[in-house]
Amino acid sequence: MISLASRLLAFIYFRLSVFSRPYLRRVHKKFFSSRSEIKIESTKNPEMEQTEIDELKNRGFLNIELNEETSKIFKQVELKINNAINNEKDSPKGSVTKNYLKRIDLDNHPDIIQLGLQLVLSRQILDYAYGYLGEKPLLTEFKVLVSDTNDEPVGSQLFHCDFDDERMLKVFVYINKVTKDHGPLQAIDKDSSERIRAETKYRYGVEGGTGISSHSDKYGQLGEKGYTEFLAEAGDVTLIDAAGCFHRGSRRCQMPRVVLYGSYCTRSSYRFPPFNRVIDTDYLLRIGSPMHIYKNFYPEKSSYLINDVQPNSKQD
């Protein structure tokens with residue numbers, strides 16, 4: 001009976017398309033909000049870190065260099081990922097919905113899961129995620145993505161804002177050098193994006209009030225400051241609020257772009273609602289904490305993979 005109720009709850013919720021309706025978004029946040037007061041001890045210079053976080057908050061995106069400790073992890077995972085790509089048997093598979101994006105089947109590569117999680121959940125990255133989100137971050141996505149060669153832009157190759165949350169932080173760790181030929185990430189700053197959403201009555205994931213689709217290059221024409229293009233060396237990292245900033249990527253790739261990708265949301269996300277706090281079932285846990293499947297790979301950081309933190313929790 002409880003299992004049936006949990007499935008019915010999830011079905012009704014997603015049918016409501018809460019993420020695209022401002023009133024329901026406010027109700028959702030009020031009901032599920034859990035501002036965790038957990039403190040994270042930074043390994044960086046506090047003044048420098050705050051300056052960078054302020055820039056991240058102002059612009060909605062930031063390029064960073066990995067510190068010495070995290071760079072060592074990168075070198076290991078870079079080797080593992082390149083070996084997997086070069087192995088014909090383990091070559092990246094295409095996505096059902098995005099044929100221009102391929103991914104490595106991580107189920108066949110526990111070593112990449114182990115090292116990749118150590119990188120994405122490193123203290124350095126968590127400092128930024130915690131500082132930007134203002135609460136204990138929840139890792140909701142973790143993938144190795146390969147942008148295949150392509151021509152006509154579609155889907156996420158067009159400017160759009162993600163519907164996952166009010167604010168979120170995507171982490172792009174570049175495994176190879178990224179030039180204009182690699183279909184680099186492009187983004188419009190947060191203030192300009194907010195103005196564009198207001199002017200177009202933007203609704204996440206649906207047709208806008210002006211008739212512009214939620215995914216369209218027309219949004220790029222409305223940005224007064226244009227957009228930023230993220231060219232990179234292997235080992236560079238881009239952090240971006242993909243809900244707050246219009247962005248696009250993997251466009252007209254002439255050469256593959258390989259990215260270790262992670263996504264952090266708050267613990268009251270629209271896309272990953274914490275229903276398990278209402279009805280505690282495995283089914284609802286999978287919806288609200290999709291990365292809980294990796295908890296045994298990194299037990300000491302499992303609280304960043306499972307959304308069971310209550311308001312003002314001190315758990316770490």
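Analyst: Two strands pair if DSSP finds at least two bridges between them. Helices (H or I, at least four residues) and strands (E, at least two) are DSSP runs, numbered from the N terminus. The model is predicted, with local features needing pLDDT of at least 70 and side-chain atom pairs pLDDT 80 or more, while totals for chains, interfaces and linings use all residues. Residues are numbered from 1 along each chain as its sequence is written, and side-chain values use heavy atoms, without hydrogens and water.

User: In S10, which residue is the bridge partner of Leu-169?

Analyst: Start with the strands. S5 (residues 168-174) pairs with S10 (residues 257-265) in the antiparallel sense, over seven bridges. In S10, the bridge partner of Leu-169 is Tyr-264.

User: And in S8, which residue is the bridge partner of Lys-170?

Analyst: S5 also pairs with strand S8 (residues 236-240). That pairing is antiparallel and runs over four bridges. In S8, Lys-170 has as its bridge partner Ile-240.

User: How many residues of strand S5 are buried?

Analyst: Buried means under 20% relative accessible area, exposed over 50%, and partly exposed in between (1.4 Å probe, protein chains only). Met-168, Lys-170, Phe-172 and Tyr-174 point one way, Leu-169, Val-171 and Val-173 the other, and all are buried. S5 is therefore largely enclosed by the rest of the structure, its buried count being seven of seven.

User: In what order do the three strands of the open sheet run?

Analyst: Strands of a sheet pair through backbone hydrogen bonds, either parallel or antiparallel. Here the pairing is antiparallel, and the order is S7-S6-S9. S7 (228-229) and S9 (247-248) each have a single partner strand, so one side of each has no neighbour in the sheet. Read across, the order is S7-S6-S9.

User: Which residue in S7 is the bridge partner of Ala-187?

Analyst: S6 (residues 186-187) pairs with S7 over two bridges, in the antiparallel sense. The partner of Ala-187 in S7 is Thr-228.

User: How many residues apart are Phe-32 and Phe-275?

Analyst: A search of the whole structure finds 14 aromatic pairs (Phe, Tyr or Trp rings, the six-membered one for Trp, with centres within 6.5 Å; planes under 30 degrees apart are stacked, over 60 edge-to-face, the rest tilted). One of them joins Phe-32 and Phe-275 edge-to-face, at 5.9 Å centre to centre and 65 degrees between the planes. Phe-32 lies in helix H2 (residues 22-32) and Phe-275 in the loop between S10 and helix H9 (282-288), so to speak distant parts of the chain, with a separation of 243 residues.

User: Is Phe-275 buried or exposed?

Analyst: Phe-32, at 7% relative accessibility, counts as buried. Phe-275 has 3% relative accessibility, so it counts as buried.

User: How far apart are the ring centres of Phe-142 and Tyr-294?

Analyst: Their planes stand at 75 degrees, so the pair is edge-to-face. The distance between the ring centres is 5.8 Å.

User: What relative accessible area does Tyr-294 have?

Analyst: Phe-142 counts as buried at 4% relative accessibility. Tyr-294 is buried as well, with a relative accessible area of 8%.

User: Which ring does Lys-29 lie over?

Analyst: A charge sits over a ring if NZ of Lys or CZ of Arg is within 6 Å of the ring centre and within 35 degrees of the ring normal. The charged end of Arg-248 sits over Tyr-227, 5.0 Å from its centre. For Lys-29 the figure is 5.4 Å from the ring centre, and the ring is that of Tyr-270.

User: What arc do the buried residues of H2 cover?

Analyst: The buried residues of H2 are Arg-25, His-28, Lys-29 and Phe-32. They lie on the same side of H2, because their arc around the axis (taken from the directions to the C-beta atoms) is only 95 degrees.

User: Which helix is included in what covers the buried residues of H2?

Analyst: The face turned away from the buried side carries the exposed residues Tyr-23, Arg-26, Lys-30 and Phe-31. Cover on the buried residues, by contact (heavy atoms within 4.5 Å), includes helix H1.

User: What is the phi of Ser-250?

Analyst: Most residues other than glycine have a negative phi. Ser-250 lies in the loop between S9 and S10 and is buried, with a relative accessible area of 3%. Its phi is positive, about 60 degrees.
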